[in-house]
Amino acid sequence: MSHSAGHAPGSAVAELDNHLEMQFDDAEQQKETSSFGMWVFLVTEVMFFGGLFMAYLVYRSQYPQAFAIGSSQLNFKLGTANTVVLIFSSLTMALAVRAAQLGQKKALVWLLIATMILGAAFLGFKGIEYHEHILEGHVPGANFRYDTPGVSFAVAKEVVLFNILYFCMTGLHAFHMIVGLGLMLWLVIKAQKGAFTPAYNTPVELIGLYWHFVDLVWIYLYPLLYLIDRYHK
Amino acid sequence: MSSQHILPRRTYFLVFLALEVLTVVTALVASIDLGAANTVVALCIAVTKSTLVVLFFMHVKYSSKMTKLTVILGVFWLMILLGMTMTDYVSRLWSTVR
Amino acid sequence: MSTLTAQPLSPQPLAPELPANHYLNESHGLKSWLLTTDHKRIALLYMASITLMFAIGGIFAMLMRLELLTPPADLVSDDTYNKLFTMHGIIMVWFFLIPSIPTTLGNFLVPMMIGAKDLAFPKLNLMSWYLFNIGAVVTIYAILSGGVDGGWTFYTPLSTGYLNSHVVAAATGIFIAGFSSILTGLNFIVTTHRMRAPGMTWKRLPLFMWSNYATSVILVLATPVLAITLALVAVERLLHFGIFNPALGGDPVLFQHLFWFYSHPAVYIMILPAMGVISELISTFSRKRPFGYAYIAGSSIAIAAFGFVVWAHHMFVAGISVYAALVFSLMSYAVSLPSAVKVFNWTATLYKGSISYRTPLLYALGFLGLFTVGGMTGLFLAALGLDVHIHDTYFVVAHFHYIMVGGTIMAYLGGIHYWWPKISGRMYPEVWGRLSALLIFVGFNLTFFPQFILGYLGMPRRYHAYPPEFQVWHVLSTAGASILGVGYLLPLIYLTWSYKNSPVAGPNPWGASGLEWQTQSPPITHNFVTTPIVTREAYDYTGIPAPALAVRSEEEASTYVS
Amino acid sequence: MNRYFPFFPPEASTTARGVDGLYFFMLTVCGLTTLLVAVLVIVFAVRYHEKQHPHAAHIEGHAALEVFWMVIPFGIFMVMFGWGARLYFTQNRPPNNAIKITVVGKQWMWKIQHAEGQREINALHVPVNQPVELSLISEDVIHDFAVPAFRLKMDVLPGRYRTTWFQATQTGTFHLFCDQYCGTQHSKMIGEIIVMEPDAYRKWMSTSLTMGSPAFEGQRLFQGLSCISCHRADSGARGPSLSGLYGQPVHLADGTTVTADENYIRESILYPNAKIVAGFQPIMPTFLGQLNEEQVLDLVNYIKSLAPQEQTQPYSNRTTPPAGPRPMETKTYPQ
């Protein structure tokens, strides 16, 4: 990138910082801008999941009974365990951001690795759940069983809608988790090289925000998917 | 340096504790028959949990007004999508009787 | 620090030379363009992409108009016709109209108007362009491999269960292009908030910035809903799910809710930036601050906000409850109010101005006429009982073409002419410019005004063959379309020609007041030599002399062009 | 009406007049406003051309004027809104004395059946000056039943009955269009509405082929499918009696109440276990895939025609124990 254009006098100091991109005047502006950009991105994510929540709301209000049956077929214990695990990973992520802000390189690396392990554990549990759905014939379009005892065909047809939404919502969530794990791997490598300092830790902060957002989605998915009319059991 | 607000470790642990307690509470409450209130309680707990995450883990409590506004706007627009669509589905039931 | 803004550059009469260094000659070769992060170069890359897509969509439109010249189905088969209007819609909506002004003029102008070196995220900006092109390529693949029918609206269960065409490929193309839109919107929002030069307060923002900001908010909030909706359509089609299929428990009306939650605000994505351009053009060429600046700016935000709560007016006959229809009809009238306010303010801006009839102003006045007609007919469609009759007829087709084509494309071309000296460093041929503005205005009205009459007569949309008594209006419409086609072709030719051959423009050929006119034309890569300090209010023409270039007679115009 | 330059469709129904009234009101208001804007733009452009007016005046704006041109249009808009809403409610409320006709849309034809059993394809004969109520459903995708001369239009959805109505005021033949894009031959999904004098209509009705009224056909189906073996009026019946069912509230096993409208009856035939009447076991088999939409309509019409009988008990007051767990009902998924 050519710098023939020159800079405002104020940016001369900032140029010492090799992380400063040319369009910004100083590091403070760059950091706040990046973080604001991330927030706007998270708003788009809210609306992205919003379409699915919309479909969920409409069909749950129309077929409450089928949604209760669909919910009762999920693995409540694993779902709850996953909630605990994911919240734990949010804690380690928050502490990782704190470590980066304080310039504690070793703590940062280990907290990131802990977050990744917890995230992977979540995905593992989710995988076990998916495996169970396959075994029990709950996968719409593949092997959905319309002859579940106690469920008439008419209701089963509506249970399929619950299951479709379950797979779409948890699948999209899991996809976001996988992306998050990839991003964290990149962070660990960068952190290991000492890239993050108290003055420059924006990537850790941004990916932290992303990870907490993934947690937020699950905080709603858990009661909406796993906890419908559980008292019938 | 407003964006560099460093919280004490204690805060994070307290928020974490609250989140896990609320998770257990929501799981337990779900097994008591409260009728329609079950969903309401579950959602209230979810809102509380997400507010805690947003305010502390995501530092919104210590962020600029612009960030706060962005969060509020995002939630508000989701509510527009859900709420305005439901005006149709809810009021459809009124008009089935001619 | 800098006295740049205190003493605006005076217009230089016929600057003899282009500046030595500018963004176009800073580096050379294909790679310097394909890997550029310069917002101005990316704007030009977008311009090339969308021009190509406009040409493809335009050819489809011409073929449709030719088929409709005669009542029976004769030129193409019904299946081909259905694919023509579907691909015309998809390409024009997602690959031309939505990106048109924001990605070209917006990309080029946003940093310059606020005194920044570039957008907040230049690499993301380049990535948007690549995503756009990948989306376009996937869509073109859908065309080449047999096309897609079903309408640009993808209504279920038709699109998910009853079509044999490439619905999934087209949906994927739009999905990818949607992310390009989201990233562009995000970039503009953050840039507007964070990258303004010292002294560039919100109240000093040009009106184009306000409308571009409002557009960006819609892009960011609405596009994700379209993305997930199209993803659900693809999933339903591929895996035979019934999310929107009543035979499997789903609700097709839910699809329409989700689709229009995006696609109605999408109309404002198209028209809001156009309104911003018009505010700039009318102000510059009447040399006067826009009448009621705060009201024009506020109405942009009001349109963006209210635009989100009117979507079900596309569904008054689709099976929503009558009570919901009431709410959405009321809201539709509410959203038309800020548009009316804009029209009145633009008109009032002309009052006691010092008006010069340059090409951009002719385009702007054309916009004013067409947008007024388009907006007014929107009132007809918002009236519940009347909409029952004209919904899904040519009345709707005419209405939205008046807004999208009459409005957006007039403003886009007006803006291209206005900022052409800044983009290329050279003037365009004035006589040809005026001719194209006139041709487009006449051709447009001849094409689409008959369609209002057809619509009230009951001519349905998307009909391949039609009853013979409608023919006369279709003949007029097709005749108009040929004029319109020539009108669109002209600027492409003479602007390309002018890039090498026209007189050099100088930094501020119009005597305009915006920050973008206070740097050289074409600008340097980082726009300004030093970050400008803004001390003047927006649209303050004091001390900026009227352009020496102003054409005061036709003879001057011809000598100038030669 | 000018044959070569048609400007205006025939105004052939009672609602057409109302719709056109609003149309002309809006044309006048909007036409005058557009004219006003155009005149102002032209006058300003000429009067303040840079030659005559080299120095622009500095005008910031005018708050009172802004309020003025917000409030006045808003008032006019509210007139348009209220007027339009009133028409809409009229269009959506059929009068009670209407002739009932059922319409089934499918790719790419309109199948129409009269109450007395006359069936037509892509044509509909109706008497003039007599309200006609249409019950519409689609067999596949979304269609739209549009008659421009009547200012009538309604999307025809799969899986759901919708109702609209008209009252023709002119005899003649009018266009029937499908206005919602429905696939390859969308533009061939057209037909005619033939409005006749009452005498001619009666003559047409008596001479056209009939298959028996929908209710009659429905009765035959009802017997042929052995519905009668369960849906009897006696107290030992395994299914609820259907006499006088239509339009009545039905108490369901889950404690809720629904109104027995056409959509409820249709659902109960195709998805019998979706809503179980209180006091009955969910034992009815589904008829999904065995009946087409016309046959379902016939059955619905038959059930609608059943008058209340003295010996019939209210539908849900039977003192049987509440429904226990649902017995298993297997059904292969229809492909």
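Two residues are in contact if their C-beta atoms, placed from the backbone, lie within 7 Å. The model is predicted: local features need pLDDT of at least 70, side-chain atom pairs count only at pLDDT 80 or more, and totals for chains, interfaces and linings use all residues. Residues are numbered from 1 along each chain as its sequence is written, while chains are lettered from A and ligands numbered from 1 in the order in which they are written.

**View 1. The two domains of chain B.** Domain 1 of chain B covers 1–63 and domain 2 covers 64–98. These bounds come from an automatic or database domain assignment. The C-alpha centres of the two domains of chain B lie 23 Å apart. Four residues of domain 1 of chain B are in contact with four residues of domain 2 of chain B. On the domain 1 side, two residues are nonpolar, two are polar and none is charged. Here Ala, Val, Leu, Ile, Met, Phe, Trp, Tyr, Cys and Pro count as nonpolar, Asp, Glu, Lys and Arg as charged, and the others, Gly among them, as polar.

**View 2. The contact of chain C with chain B.** Chain C gives 14 residues to this contact and chain B gives twelve residues. On the chain C side, α7 (207–239), α8 (252–286) and α10 (322–350) each supply at least two residues. Helices (H or I, at least four residues) and strands (E, at least two) are DSSP runs, numbered from the N terminus. The largest share of the side of chain C that touches chain B comes from α10(C), with four residues. By class, that side of chain C has eleven nonpolar, three polar and no charged residues.

**View 3. Helix α2 of chain A against α7 of chain C.** Axes are lines fitted to C-alpha atoms, for helices over the stretch in contact, and angles run from 0 to 180 degrees between N-to-C directions. The crossing of α2(A) and α7(C) is right-handed. A crossing is left-handed if the near helix is turned anticlockwise from the far one by less than a right angle, and right-handed if clockwise. From α2(A), the contact residues include Val40(A), Val43(A), Met47(A) and Phe48(A). α7(C) contributes, among them, Val220(C), Leu221(C), Pro224(C) and Ile228(C). The contact of α2(A) with α7(C) has eleven nonpolar, four polar and no charged residues.

**View 4. Helix α11 of chain C against α1 of chain D.** Contact residues of α11(C) include Leu365(C), Leu368(C), Met376(C) and Phe380(C). Those of α1(D) include Met26(D), Cys30(D), Val37(D) and Val41(D). By class, the contact of α11(C) with α1(D) has eleven nonpolar, four polar and no charged residues.

**View 5. The side of chain D that touches chain C.** This contact takes 76 residues from chain D and 74 residues from chain C. On the chain D side, α1 (14–47), α2 (63–92), β6 (143–147), β7 (152–156) and β9 (172–178) give two or more residues. α2(D) provides the largest share of this side, 17 residues. The side of chain D that touches chain C divides into 43 nonpolar, 19 polar and 14 charged residues.

**View 6. An open sheet in chain D.** Five strands of chain D lie in the order β3-β2-β1-β5-β8, with mixed pairing. Two strands pair if DSSP finds at least two bridges between them. β3 (119–121) and β8 (162–167) of chain D stand at the edges with a single partner strand each, so one side of each has no neighbour in the sheet. Neighbouring strands of this sheet are turned by 25 degrees against each other on average, direction ignored. β1(D) and β5(D) run parallel and are joined by seven bridges. Val104(D) stands opposite Ile137(D) in β5(D).

**View 7. The two domains of chain D.** Domain 1 of chain D takes in 8–51 + 61–211, and domain 2 takes in 214–305. Their C-alpha centres lie 34 Å apart. Twelve residues of domain 1 of chain D and ten residues of domain 2 of chain D make the contact. On the domain 1 side, β1 (99–106), β2 (109–114) and β5 (131–138) of chain D each supply at least two residues. That side has five nonpolar, four polar and three charged residues.
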